[in-house]
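Visitor: Could you walk me through this chain, one question at a time, with the cut-offs stated as they come up?

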Amino acid sequence: MSDASKASSASAPSPGVVEVSRIAVREAMNGVLADTLRPICLGLALFYAVISIWYVVEWVFLDNEDARKALDLGFLGLSLPVFALRPLSTGSVSLALLAAAFWFARNRLPPMAAHPVASLIGVVVIINCLVLIVVGADPRQTTNLMIAQVGFGCLLYSLPWYAVLTVPSVGGWLLVAGARRVETEWYHFGVALFEATLVGALVLWVRIGAQRKVQALYLQDQAQKAQLRAANEAAQSAVRAKSEFLANMSHEIRTPMTAMLGMTELLEMSELDATQREYAETVARAGNSMLDIVNDRLSRFPRSLARSV
């Protein structure tokens, strides 16, 4: 490569690489989570509503000892069927989630509050799962917690917040299952819950990596677009300045040149000797040549830019 080509390549502006901070990427991911909370709440509210209807139908048409068990609420003077706690719990969660979805539809959740609010929703789901385990005394109800753990991995974008939800989920299950250590089936579902927690963490880890790349590319694209807009505005400003300069020069040069040529013509019409006439003609030719050069340069300037002045 020659020295001239090296110099030209060195002077040519290279496209700048926009660096995106991790804080900006994290803020963008929190914004994505905040935008997904409304449809998540609507979907869960519908799911728990269907489950509540199923529990009510099962409770009404169930005729065995479980349906006749009652919970004595002496401090309220009430006796509540134990089996009714299932639809009461799921129905309450469904209404709470529906109210949350209605709030999200009318209000913009700040990105920094996305994970705390999502974790609060997760705690409500965990409490409902533990209530179903306690009421049913059935280890198979652990599958609700297993699904919840995987669901948290598909919802959140933060491993620390996933750990926050794992503590009440696994810890609550251990408290419930602690009194039933003699039943081997509880151990089986305990291992399954642990595996579901690991699967949820793995899904979350993969999603965080992918979402970071997506958001970083999106932020870089937006920053580059802003740079291009700024460069375009600067180029247009330079073109406008150039057009103004040429317009001013057109006036400043043509006016005195026209006056000089006019006075030269008057001088040629006067009585001059041969030497003086030769000088006047030389001045006239030089002036006309300069005026032709000016007109030629100005004619090459785009008229569209000249009109934009």
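**Helix α4 and its surroundings**

Guide: Helix α4 has 22 residues and spans 32 Å from its first C-alpha to its last, close to the 32 Å expected at 1.5 Å a residue, where the expected span is 1.5 Å times one less than the number of residues. This is a predicted model, in which local features need pLDDT of at least 70 and side-chain atom pairs count only at pLDDT 80 or more, while totals for chains, interfaces and linings use all residues. Residues are numbered from 1 along each chain as its sequence is written, and side-chain values use heavy atoms, with hydrogens and water left out.

Visitor: How many helices and strands does the protein chain have?

Guide: Helices (H or I, at least four residues) and strands (E, at least two) are DSSP runs, numbered from the N terminus. Along the sequence the pattern reads α-α-α-β-β-α-α-α-α-α-α-α. The protein chain therefore has 10 helices and two strands.

Visitor: Are α4 and α5 roughly parallel or roughly antiparallel to each other?

Guide: Axes are lines fitted to C-alpha atoms, for helices over the stretch in contact, and angles run from 0 to 180 degrees between N-to-C directions; under 35 degrees counts as roughly parallel, over 145 as roughly antiparallel, 65 to 115 as roughly perpendicular and the rest as oblique. Helix α4 (residues 85-106) and helix α5 (residues 114-136) pack at about 170 degrees, with their axes 9 Å apart. The two helices are therefore roughly antiparallel.

Visitor: Which residues of α5 make the contact with α4?

Guide: Contact means heavy atoms within 4.5 Å. On the α4 side, the contact is made by L85, R86, S89, T90, V93, L97 and F104. On the α5 side, the residues are V117, I121, V124, N128, V131, L132, V135 and G136.

Visitor: Is T90 buried or exposed?

Guide: Buried means under 20% relative accessible area, exposed over 50%, and partly exposed in between (1.4 Å probe, protein chains only). T90 lies in helix α4, and, leaving aside neighbours within four places in sequence, T90 is in contact with Y48, I51, S52, Y55, N128 and L132. Because its relative accessibility is 0%, T90 counts as buried.

Visitor: How far apart in space are R207 and C154, C-alpha to C-alpha?

Guide: R207 is found in helix α8 (residues 184-268). Leaving aside neighbours within four places in sequence, R207 is in contact with G153, C154, L155, L156 and Y157. R207 and C154 are 53 residues apart in sequence, and their C-alpha atoms are separated in space by 7.7 Å.
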